[in-house]
Amino acid sequence: MEASSNTLSRTVLAVLAHLALLAAWYLFVSIGDVPKYVMPSPQATVRALFEENYNWWLNTGVTALEIFVGYFLALAVGVTLALLFTWSQTLEAFFMPLLVSLNMIPKVALGPLIIVWFKYGIFPNSMMAFSIAVFPILLTTARGLRETEPELLDLVRALRGSRWQVFTKIQLPGALPYIFSGMKVGAILAVAGAIVGEFLSSDKGLGYLMLQVQVTLDTPAMFMAVILITLIGVALYGSVLLLERLLVAKDARIA
Amino acid sequence: MTESFIHLAGVSKAYRRGGETHLAISDATFDVMPGELVSLVGPSGCGKSTLLKVLAGLHPQDSGEVRIGSSTHAFDPARDVGMVFQAPLLLKWRRILQNVLLPAEILGLPMAEARERGRALLRLVGLEGSEDKYPYELSGGMQQRAAIARALVHDPKLVLMDEPFGALDALTREKMNLELLRIWKESGKTILFVTHGISEAVFLGTRVIVMTAGPARMADNIPIELPRPRTLDMKTHEMFGEYTRRIYRLLGME
Ligand SMILES: Nc1ncnc2c1ncn2[C@@H]1O[C@H](COP(=O)(O)OP(=O)(O)O)[C@@H](O)[C@H]1O
Ligand SMILES: [Mg+2]
């Protein structure tokens with residue numbers, strides 16, 4: 001009872017904080033007499049949505065597609081590699097230090113190279129998203145799979161349990177909280193990666209649109225693009241959170 | 001005379017670390033009769049856990065003879081070992097009954113039957129009503145009871161316990177000692193109980209095997225002739241004191 005009224009008041013406060021920001025934005029623009037090209041009003045920002053030349057649907061769809069493709073590729077590759085490492089210690093000892101070093105490369109710096117390799121379009125931008133998101137997913141999954149108590153493995157091995165049983169009954173469910181923690185970090189990074197890709201070279205997408213309207217100083221449209229990019233990120237992050245809620249016991253979740 | 005259930009003769013086991021070999025057990029020789037509860041006591045690092053791993057078939061010994069099972073008491077190494085460790089090691093995403101059923105799942109036993117047995121075992125260990133709870137909802141002592149039920153669910157002939165009460169507070173530990181004696185009596189299992197608590201070893205065991213470290217070695221094998229059922233006030237008996245004094249002496253603490 002107390003706990004639920006506590007969550008309720010927290011939800012109310014969270015909504016209030018967002019509304020307050022919106023109100024502050026509105027007041028700042030209308031009272032402060034700021035030029036529109038510096039800081040458009042909320043109404044002007046919404047109005048930008050009705051500018052048909054900007055192809056909002058298409059551009060939002062393209063950016064979302066780039067992000068999702070890159071993200072799911074990162075998830076598949078990250079988890080699979082981490083798994084292979086638990087299969088073979090030699091494989092892990094060989095590749096893990098290498099991956100830790102590769103993780104130190106600022107992935108954004110790879111942008112121009114990725115364009116040389118993959119030309120421009122949806123795929124290279126997905127690769128940008130992928131290259132940023134894959135590391136946290138891989139590293140946290142590998143860590144989670146390694147975290148299994150050795151005595152628990154003894155218990156299963158004493159019963160001649162198979163590798164597959166160890167994996168499905170103990171390692172994977174034990175690693176899920178870690179996998180999700182990597183997936184959450186990865187979701188945020190994937191969005192950033194795709195947008196950087198679009199900034200570098202593209203002919204569609206919200207990042208591309210931002211560069212176009214920057215030339216004409218259509219700041220309301222830039223604001224709108226940022227909001228839409230954020231919303232794509234929120235949708236992705238939210239789906240991950242929802243899935244985590246369904247799959248991971250509350251006391252096992254990692255922030 | 002009945003045949004022993006476990007027979008160890010001259011068993012040794014070394015770990016290799018870098019270029020060095022480190023002797024974890026040397027010349028372990030003892031027998032365990034069917035249905036005995038034998039305590040293994042010794043300072044940490046003397047090879048107690050290693051000995052249990054050899055018995056569980058997790059590590060082969062380097063030399064010596066290990067025989068488990070006899071003509072009257074068959075033993076299948078793949079399914080007749082139950083294990084309990086110092087940490088309960090329950091899977092935190094599974095409810096208590098599901099945790100208890102883990103060995104049955106691994107062995108592919110018929111699940112309906114196993115579930116019945118799991119419930120009965122939870123009653124036996126005093127956890128009736130906690131079947132659907134998650135591990136974090138139970139105290140340390142209760143989690144360890146669940147771990148004991150898990151070790152029994154596939155009806156193993158041999159239960160290996162490695163300092164199972166080492167992480168519990170003193171009062172809970174005494175209580176769990178009494179519970180273990182009751183569970184042992186009702187289940188009729190052969191139990192090997194590792195501890196570094198000397199009075200716990202004497203209180204529980206039909207026999208106490210004393211091991212010493214540096215170098216690892218078996219120091220003595222003492223039949224405990226205290227009356228049964230054991231009660232806590234026996235800890236103040238003359239005889240109890242003599243047993244514990246003898247073990248302290250063997251461990252060089254007197
Ligand atoms: N997997 C291992 N590899 C190398 N040395 C080990 C391993 N397991 C245990 N040892 C060493 O063997 C000795 C006995 O260990 P153990 O059987 O765990 O002792 P105890 O359970 O009596 O404390 C210790 O010195 C320990 O460091
Ligand atoms: Mg030990």
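In this predicted model, an oxygen atom of ligand 1 lies 2.4 Å from an N or O atom in the side chain of B:T50. B:S49 also takes part: an N or O atom in the side chain of B:S49 is 2.6 Å from an oxygen atom of ligand 1.

**Ligand 1 site**
- B:C46 contributes through its backbone, with an N or O atom 3.3 Å from an oxygen atom of ligand 1.
- The residues around ligand 1 include the run B:P43, B:S44, B:G45, B:C46, B:G47, B:K48, B:S49 and B:T50.
- Also around ligand 1 are B:Y15, B:R17, B:H22 and B:A24.

**Chain A overview**
- Chain A has 10 helices and zero strands.
- Along the sequence, the pattern of chain A reads α-α-α-α-α-α-α-α-α-α.
- A box of roughly 75 × 60 × 25 Å, taken along the principal axes, holds the C-alpha atoms of chain A.

**Helices α5(A) and α6(A)**
- Helix α5 of chain A spans residues 111–118, and helix α6 of chain A spans residues 122–146.
- The two helices pack at an angle of about 140°, and their axes are 9 Å apart.
- α5(A) is therefore oblique to α6(A).
- The crossing of α5(A) and α6(A) is right-handed.
- From α5(A), the contact residues are A:G111, A:I114 and A:F118.
- They meet A:F123, A:P124, A:M127, A:M128 and A:S131 in α6(A).
- By type, the residues of this contact are six nonpolar, two polar and no charged.

Note on methods
Residues are numbered from 1 along each chain as its sequence is written. Chains are lettered from A and ligands numbered from 1 in the order in which they are written. This is a predicted model: local features need pLDDT of at least 70, side-chain atom pairs count only at pLDDT 80 or more; totals for chains, interfaces and linings use all residues. Side-chain values use heavy atoms; hydrogens and water are left out. Axes are lines fitted to C-alpha atoms, for helices over the stretch in contact, and angles run from 0 to 180 degrees between N-to-C directions. Helices (H or I, at least four residues) and strands (E, at least two) are DSSP runs, numbered from the N terminus. Angles under 35 degrees count as roughly parallel, over 145 as roughly antiparallel, 65 to 115 as roughly perpendicular and the rest as oblique. A crossing is left-handed if the near helix is turned anticlockwise from the far one by less than a right angle, and right-handed if clockwise. Contact means heavy atoms within 4.5 Å. Ala, Val, Leu, Ile, Met, Phe, Trp, Tyr, Cys and Pro count as nonpolar, Asp, Glu, Lys and Arg as charged, and the others, Gly among them, as polar. A residue is near a molecule or strand if one of its heavy atoms lies within 4 Å of it. A polar contact is a pair of N or O atoms within 3.5 Å; within protein, one must be able to donate a hydrogen and the other to accept it, and residues adjacent in sequence count only if both atoms are side-chain atoms.
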